[in-house]
Amino acid sequence: MFARSRWTSCWATIDCRLAQVTDQEYWRDYKLIRDDVSVAIRAFYTYIEAHKCAENNRIYKEISKEAPFWQLQPYGLQATFFIVLGRIFDKDKDAHSIRKFINATVQHKGYFSKHALANRKSTPQGKPDWLDDFVQQAHEPSVKEIEALSEALKPHEEKYKSVYGPIRHQVFAHTALKDSDKVSALFSRTQISDIEDTLYFLQDLLEAIWQLGHNGIKPILGTRSRDYEDKNRAKQAARRVLESLS
């Protein structure tokens with residue numbers, strides 16, 4: 001099809017030794033972790049937008065008519081968010097987590113070679129006419145670029161471990177804490193901006209990997225809009241539902 005670069009040949013050799021995950025399995029795992037991130041984003045922003053809507057007197061009046069039902073919704077959204085966030089950042093070796101997926105990304109760098117991209121874009125009917133030019137212009141990342149994605153994840157793992165993991169484990173997963181003051185102390189360490197930063201990072205990271213693997217676009221984190229689809233859909237849906245009550 002076209003000559004392989006030095007990196008392509010090198011990565012192909014590496015992946016022969018580390019062939020624990022096929023290309024198809026890798027992208028299946030991508031979808032699983034992407035689905036969890038999407039759920040976390042939608043739960044968080046639905047919760048935030050619902051609180052904003054409830055500040056409207058007309059909406060608050062309607063919600064108050066069925067108070068037990070509406071009081072349950074924030075708890076359900078919080079529980080969903082913390083449980084799913086726990087799955088995403090789980091360090092157990094058998095867990096399907098963002099760390100496990102990123103480790104697979106680093107170990108199987110050959111999935112991002114031009115050769116792999118050409119195979120991914122080919123069809124059972126053969127090679128599209130535009131493919132050679134498309135692949136020739138595609139970005140083939142260096143080892144350093146792939147490993148930088150793993151490094152970028154570490155601060156968010158640390159934040160989860162120190163602040164959000166304890167809430168997940170002690171409040172929502174196991175109810176280890178019954179003292180309301182201690183529960184409040186855990187929540188007092190949370191910041192909406194921190195959560196938004198982490199959710200945006202996860203969205204950004206996964207989008208960068210998808211674009212690299214399927215379109216050969218260089219992975220540069222932090223350049224995508226923070227008004228991403230899952231966030232906006234969650235906020236718009238919550239507002240439509242609550243405004244329909246008044």
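This is a predicted model: local features need pLDDT of at least 70, side-chain atom pairs count only at pLDDT 80 or more; totals for chains, interfaces and linings use all residues.

Residues are numbered from 1 along each chain as its sequence is written, and side-chain values use heavy atoms, with hydrogens and water left out.

Helix α4 takes in residues 67-89, 23 residues in total. Helices here are DSSP runs of H or I, at least four residues, numbered from the N terminus. From first C-alpha to last, α4 reaches 34 Å, close to the 33 Å expected at 1.5 Å a residue; the expected span is 1.5 Å times one less than the number of residues.

Which residues of α4 are buried? They are Ala79, Phe81, Phe82, Val84, Leu85, Gly86, Ile88 and Phe89. Buried means under 20% relative accessible area, exposed means over 50%, and partly exposed is in between, with a 1.4 Å probe and protein chains only. The cover over these buried residues includes α2 (23-54), α5 (98-107), α8 (143-173), α9 (180-187) and α10 (192-215).

Arg168 is in helix α8. Leaving aside neighbours within four places in sequence, Arg168 is in contact (heavy atoms within 4.5 Å) with Phe82, Ile83, Gly86, Tyr160, Ala173 and His174. Arg168 is buried yet has no salt bridge, a salt bridge being a side-chain nitrogen of Lys or Arg within 4 Å of a carboxyl oxygen of Asp or Glu. The nearest side chain of opposite charge is Asp90, 5.9 Å away; Lys and Arg count as positive, Asp and Glu as negative, and His and the chain ends are not counted.

Now the rings. The whole structure has 20 aromatic pairs. Rings of Phe, Tyr and Trp (its six-membered ring) pair if their centres lie within 6.5 Å; planes under 30 degrees apart count as stacked, over 60 as edge-to-face and the rest as tilted. Tyr26 and Phe101 are stacked, at 4.9 Å centre to centre with 25° between the planes. Tyr26 is in helix α2 and Phe101 in helix α5, so this pair links parts of the chain 75 residues apart. Tyr26 is buried at 1% relative accessible area, and Phe101 is buried at 3%.

Phe89 and Tyr160 also stack, at 5.2 Å and 15°. Phe89 lies in α4 and Tyr160 in α8, so the pair ties together parts 71 residues apart in sequence. Both are buried. Tyr26 and Phe101 belong to one aromatic cluster with Trp27, Tyr30, Tyr111, Phe112 and Trp210.

Last, the charges. A search of the whole structure finds 17 salt bridges. One of them joins Asp35 and Lys31 at 2.9 Å, N to O. These two are 4 residues apart in helix α2, which means about one helical turn between them. Asp35 is partly exposed, at 34% relative accessibility.

Lys231 and Asp227 meet in a salt bridge at 3.9 Å, N to O. Buried or exposed, what is Lys231? Lys231 is buried, at 10%, whereas Asp227 is exposed, at 53%. Glu49, Arg239 and Glu243 are linked in a network of salt bridges.
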